[in-house]
Amino acid sequence: MIERFLKQTSFTSVEDYNKNLEFIIPENFNFAYDVMDAWAEEKPDGLALLWTNDQGKEIRTTFKELKEQSDQAASYLQTLGIGKNDPVMLILKRRYEWWVVMLALCKIGAIVIPATHMLTKKDIVYRNTRASVKAIICAEDAYVVGEIQKAMPDSPTVKRVVVVREDKEDSKTSETSGTSETSKTSWHDWQSEWKLAPKFQRPAFVNNNSDTMLMYFTSGTSGEPKMVAHDYLYAMGHLTTGVFWHNLHEGSLHLTVADTGWGKAVWGKFYGQWFAGATVFVFDHEKFNADTLLRQMEKYKVTSFCAPPTIYRFMIREDLSKYDLSSLEYCTTAGEALNPAVFDKFKEKTGIQMMEGFGQTETTMTLGTFPWMTPKPGSMGIPNAQYNIDLLRADGTSCEDGEKGEIVVRVGDKKPIGLFKGYYRDDEKTREAWHDGVYHTGDMAWRDEDGYYWFEGRIDDVIKSSGYRIGPFEVESALMTHPAVVECAITGVPDDIRGMVVKATVVLGKEWKEKAGDDLVKELQQHVKKVTAPYKYPRIVEFVDELPKTISGKIRRVEIRNNDKAKSEK
């Protein structure tokens, strides 16, 4: 498959990859037709999707079956009046239908907007209004349906809501059927309607490469979420994610831990994996539990695994000798920076080295540790050859090795495959981030003499104390090597003498919570002084039960800073 889209399909070194990665770009590329339907022709009985849930249900779907189901779904959506360029929001959790609907919307040229099931009425209204959402397809979940119902009177653009209910005889749909008088929104039941649609006819024209295929709302770590618009080549940009970073092949069974409402889902559960012809493994669960996840990996013999460092932190606290993970071949991590202590402990317990990657909602993987490289624990790796990556000082000049700067993408005359089109309906925000031929990520890093990049933190998170610039991640990494610490966040607190001082907000392991107090604070401070430069140690330590996070799971350091500021003003 990948030989259709790459001039060279395998690489043996960094030099080989950097020199010879070159895409073959079809005129009107469409992932659903050009990759998935092509697999249905080439290996119709190949297992495309293995879906399970925490109730013991299992669905195995071949490429041929997935083509048939996505065709049927595309036809059904057309009967609802959904077509090219219509924005459709998906709030489907990890329901099986998400994969079918994603392909169906691609086939008719609609714009898909995946969203998390944790949205409130306010969040839903904001998204509906900003994106002029025409239809919502959601899981039959009391909270989700309830918040959507409350949002409809303030969402005049939404004409249809399709509820995908649990496949049970006793499911009740009467409350979500018909038309709401307050909003004139028509409600539909997926299960009773979608198979009644006529045979699908591919539209005469579906898309250009530059058309908008997908939009994500950013995490909103420091303000209202922005709408990130991606074109149809964004899917192709993830070929390198699945084939080279995840190191997948047709025999792989790949599991990425990610909610379908945020960008990591298409990084690890959709585009790149199916370029490789691998089987996507899905575990649909309500609440994360490391033991349950490991049992699933053991039962189904998962060969490739990707998760944010937080998941690995919980996994290494389990007795991994209790699980048969002999099928596991390859592990990757992204979503937040990897603490070296987690890397070392996981390797010690499994023998597998985690391969880190870095990217944003606005990009595909921009930095990564590839199979032909030796990972350096805590490093994001090297630039992905499809992007021209640089580190810039505040004055716009390039950094030397060892010097901290902002990670940027030099765009030049041609937008790289995988880079976003811009922030939808927000030219000002687009210009702030992307100007003078450079896309600014807002993330800080430094580069070592071997070309590996090391994460420092968001520009807004860097702490300036007594003339020093302290990246939160380096202090967090030091703290994470102490056995008491499960999670932590480093922020700056204003100080009359030093300008700012370092504060650590710490979540302790269960066996350490009773020890929370001055003695443990001093122990953690001394530990940091030994692990990293002494001036970086946290002068303030606060113990909490959990850290504030965005709906996509990222730590909201801005919320910690704002809470501290509010306390100081009282």
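The model is predicted, and local features need pLDDT of at least 70, side-chain atom pairs count only at pLDDT 80 or more, and totals for chains, interfaces and linings use all residues. Residues are numbered from 1 along each chain as its sequence is written, and side-chain values use heavy atoms, with hydrogens and water left out.

Arg447 belongs to strand E22 (residues 438–447); helices (H or I, at least four residues) and strands (E, at least two) are DSSP runs numbered from the N terminus. Arg447 counts as buried because its relative accessibility is 14%, where buried means under 20% relative accessible area, exposed over 50% and partly exposed in between (1.4 Å probe, protein chains only). Apart from neighbours within four places in sequence, Arg447 is in contact (heavy atoms within 4.5 Å) with Asp390, Leu391, Cys399, Glu400, Asp401, Gly402, Tyr452 and Tyr453.

Tyr452 and Tyr453 are also among the contacts of Ser379, which include Glu356, Thr369 and Trp454 as well, again leaving aside neighbours within four places in sequence. Ser379 is located in strand E17 (residues 379–383) and is buried, with a relative accessible area of 2%. A polar atom of the Ser379 side chain lies 2.9 Å from the backbone oxygen of Tyr453, and a polar atom of this side chain lies 3.0 Å from the backbone nitrogen of Gly381. Between Ser379 and Ala445, 66 residues apart in sequence, the C-alpha to C-alpha distance is 9.8 Å.

The largest nonpolar core contains 89 residues, of which Phe31, Leu90, Leu105, Phe244, Phe270, Tyr271 and Trp274 touch the most other members. Such a core is a set of buried Ala, Val, Leu, Ile, Met, Phe, Trp, Tyr and Cys residues joined through side-chain atoms within 4.5 Å. Helix H4 (residues 97–108) gives the most to this core, contributing 10 residues. A second, separate core has 49 residues, including Cys331, Phe346, Ala484 and Val521. Leu90 touches Trp98, Val101, Met102, Leu105, Val112, Ile113, Pro114, Ala115 and Ile137, residues up to four places away in sequence not being counted.

Four cavities of 30 Å³ or more were found in a search of the whole structure. On a 1 Å grid over the protein atoms alone, a cavity is a set of points where a 1.4 Å probe fits but cannot get out, and lining residues have an atom within 4 Å of a point. Grid points are joined across faces, edges and corners, and a volume is the space filled by probe spheres set on the points. The largest cavity has a volume of about 60 Å³ and is lined by Phe31, Met102, Leu103, Leu105, Cys106, Ala110, Val112, Met213, Phe270 and Tyr271. H4 supplies the largest share of this lining, four residues. The lining comprises 10 nonpolar, no polar and no charged residues, with Ala, Val, Leu, Ile, Met, Phe, Trp, Tyr, Cys and Pro counted as nonpolar, Asp, Glu, Lys and Arg as charged, and the others, Gly among them, as polar.

The second largest cavity has a volume of about 40 Å³. Its lining consists of Arg94, Leu255, Thr256, Val257, Ala258, Lys269, Phe283, His285 and Leu293, or five nonpolar, two polar and two charged residues by class.

Ile25 is in the loop between helix H1 (14–20) and helix H2 (31–42), and Pro26 is in the loop between H1 and H2. Ile25 is partly exposed at a relative accessible area of 35%, and Pro26 is partly exposed at 26% relative accessibility. Not counting residues up to four places away in sequence, Ile25 touches Asn209, Leu233, Met236 and Ile417, while Pro26 touches Phe5, Asn209 and Met236.

Asn85, a residue other than glycine, has a positive phi near 70°. Asn85 is in the loop between helix H3 (63–79) and strand E3 (87–91) and is partly exposed, with a relative accessible area of 41%.

How values were computed
1 Å grid on protein atoms, 1.4 Å probe; cavity = no way out; pocket = protein on both sides within 12 Å on 5 of 7 lines; lining within 4 Å. Polar contact = N/O pair within 3.5 Å; in protein donor to acceptor, adjacent residues only side chain to side chain.
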